[in-house]
Amino acid sequence: MAMPGRVAAIVWKDLLIEVRTKASFHSMLAFSALVLFVFSFAIGPDTPLLRRIAAGLLWVAIVFTGLLSLSRTYQSEEAAGGLEGLRMAPGDPRFIYLGKLAGNLLLLLALEVVLFPAAAVLFQIEMLPHALPLAGIALLGTLGISTAGTFYAALTLHLRAREIMLPLLLIPALVPPLLGAVNATQLVLDGNPFGDAALWVRLLVAYDVVFFVVCTWLFPLAVED
Amino acid sequence: MGRGASFIGWPGALALVVMAVGSFIGLFVVGADVEMGEVQRLMYVHVPAAWTAFVAFFAVFIGSVLYLVQRDERADRVAASAAEVGVVFISLTLATGMLWGKPTWGVWWTWDPRLTTTALLLAVFVGYLAVRGFADDPERRARWSAIVGILGFVQVPIVYLSVVWWRSIHQPPSSPRSVSSDILGTWMLNFAAFLLVFAWLTARRARAARLEAELETRMAYD
């Protein structure tokens with residue numbers, strides 16, 4: 001099977017498992033909603049203040065929920081040595097990374113389809129007029145999170161204390177996409193008066209490209225043996 | 001005590017001498033800053049320490065690439081040792097920066113791009129060392145930490161760029177034209193001293209790592 005077919009097979013298998021068990025999506029949804037709530041409780045019921053920092057709260061909720069789901073990226077392969085089986089498939093092992101990356105991206109995007117409207121309601125923000133640019137920013141930001149996250153999840157898979165090692169390595173690496181996504185989202189919500197959102201979108205694109213290339217290139221080294 | 005000479009070693013002795021001279025000049029010979037006064041002397045530690053930390057980070061990157069290409073354990077040991085010594089220098093950079101920032105800017109900490117990037121660099125170094133601490137098998141430990149070393153290095157420019165856009169109040173980086181020649185000379189002297197200290201500590205640490213590895217192998221066979 002060629003590379004695209006293999007990638008599609010992984011994505012299809014993982015999505016099928018997810019659709020049938022709904023193991024990840026429901027817990028992610030509940031968790032991310034709770035993160036939004038906890039922030040609101042911690043900051044207080046000051047709606048104008050919450051609205052001003054809504055983009056930050058939203059993306060922190062996405063990053064935390066992402067950490068939760070990313071750490072489970074390879075869980076379905078651990079029983080019965082699934083990852084070893086995949087790795088022993090002849091040819092380039094990068095299809096594992098690309099497939100898992102696509103799966104994580106789809107799962108997080110599905111979450112955001114619910115989370116963005118939820119934030120709009122909770123913080124009383126008008127999102128509908130900006131739906132298209134927001135969708136683009138969400139896609140680029142989530143791609144960055146998934147690209148780095150899927151890679152570091154593979155790298156920390158066999159480490160002791162991996163629950164703490166994934167955030168320890170991933171969060172510093174996620175500073176650029178977080179800054180890019182938060183600022184672009186906030187600017188778009190404010191009507192993007194000076195057109196500055198484009199600068200942050202460029203940062204997101206640059207990060208996504210660099211990390212995608214480097215992570216795809218290094219992936220075989222992360223999972224060899 | 002026949003090994004006394006190699007215990008200190010000539011780079012160590014040289015580092016000691018250069019550091020003593022550099023500190024003396026920085027403290028007593030160069031005049032106090034016109035605007036900022038005596039506190040500005042901290043810069044004779046801060047700036048060379050920062051430069052040395054970046055050299056250390058680059059050494060980790062080179063060692064990591066070399067390890068992945070050649071699978072030579074020596075490259076891994078040098079990278080790991082440079083990372084440990086790098087943590088010392090980057091902590092020194094942050095500590096002296098804070099001590100300088102309080103009287104100068106009025107705050108210990110500010111979200112300035114270079115400050116923030118330096119703190120994140122420390123986090124990457126710590127992550128690198130944590131990976132080494134949590135991996136059991138020596139080959140895997142070397143391979144995984146080398147990947148972290150490379151990715152950490154690659155992300156620094158992007159992190160820096162993103163934080164610059166985010167906010168900036170730091171003075172523009174000092175260039176040879178923006179500082180007087182005696183300040184620059186003292187920086188260069190102290191940079192040379194710190195580089196020697198860095199090289200010496202890294203070599204000592206790498207040697208200790210080699211002995212540790214030998215001991216591990218011997219214990220495994222006994």
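**Exercise 1.** In which helix of chain A does A:Thr147 lie? Determine also whether A:Thr147 is buried or exposed.

*Solution.* This is a predicted model, in which local features need pLDDT of at least 70, side-chain atom pairs count only at pLDDT 80 or more, and totals for chains, interfaces and linings use all residues. Residues are numbered from 1 along each chain as its sequence is written, while chains are lettered from A and ligands numbered from 1 in the order in which they are written.

Step 1. A:Thr147 belongs to helix H8 (residues 131–155) of chain A. Helices (H or I, at least four residues) and strands (E, at least two) are DSSP runs, numbered from the N terminus.

Step 2. A residue is buried if 20 or more other C-beta atoms lie within 10 Å of its own, exposed if 12 or fewer, and partly exposed in between, with C-beta atoms placed from the backbone. A:Thr147 has 26 other C-beta atoms within 10 Å and is therefore buried.

Step 3. Two residues are in contact if their C-beta atoms, placed from the backbone, lie within 7 Å. Leaving aside neighbours within four places in sequence, A:Thr147 is in contact with A:Leu101, A:Asp208, A:Phe211, A:Phe212 and A:Cys215.

**Exercise 2.** Describe chain A as a whole: how many helices and strands does chain A have?

*Solution.* Step 1. Chain A contains eleven helices and zero strands.

Step 1. Of the 225 residues in chain A, 44% are buried.

Step 2. The C-alpha trace of chain A spans about 55 × 30 × 30 Å along its principal axes.

Step 3. Among the contacts in chain A with a separation of 6 or more, 82% involve residues 24 or more positions apart.

**Exercise 3.** How do helix H3 and helix H4 of chain B pack?

*Solution.* Step 1. Chain B has six helices and zero strands.

Step 1. Helix H3 (residues 73–105) and helix H4 (residues 113–134) of chain B pack at an angle of about 150°, and their axes are 10 Å apart. Axes are lines fitted to C-alpha atoms, for helices over the stretch in contact, and angles run from 0 to 180 degrees between N-to-C directions.

Step 2. Angles under 35 degrees count as roughly parallel, over 145 as roughly antiparallel, 65 to 115 as roughly perpendicular and the rest as oblique. H3(B) and H4(B) are therefore roughly antiparallel to each other.

**Exercise 4.** How many residues does the contact take from chain A and from chain B?

*Solution.* Step 1. The contact takes 23 residues from chain A and 23 residues from chain B.

Step 1. On the side of chain A that touches chain B, H11(A) gives the most, with nine residues.

Step 2. By class, this side of chain A has 20 nonpolar, one polar and two charged residues. Ala, Val, Leu, Ile, Met, Phe, Trp, Tyr, Cys and Pro count as nonpolar, Asp, Glu, Lys and Arg as charged, and the others, Gly among them, as polar.
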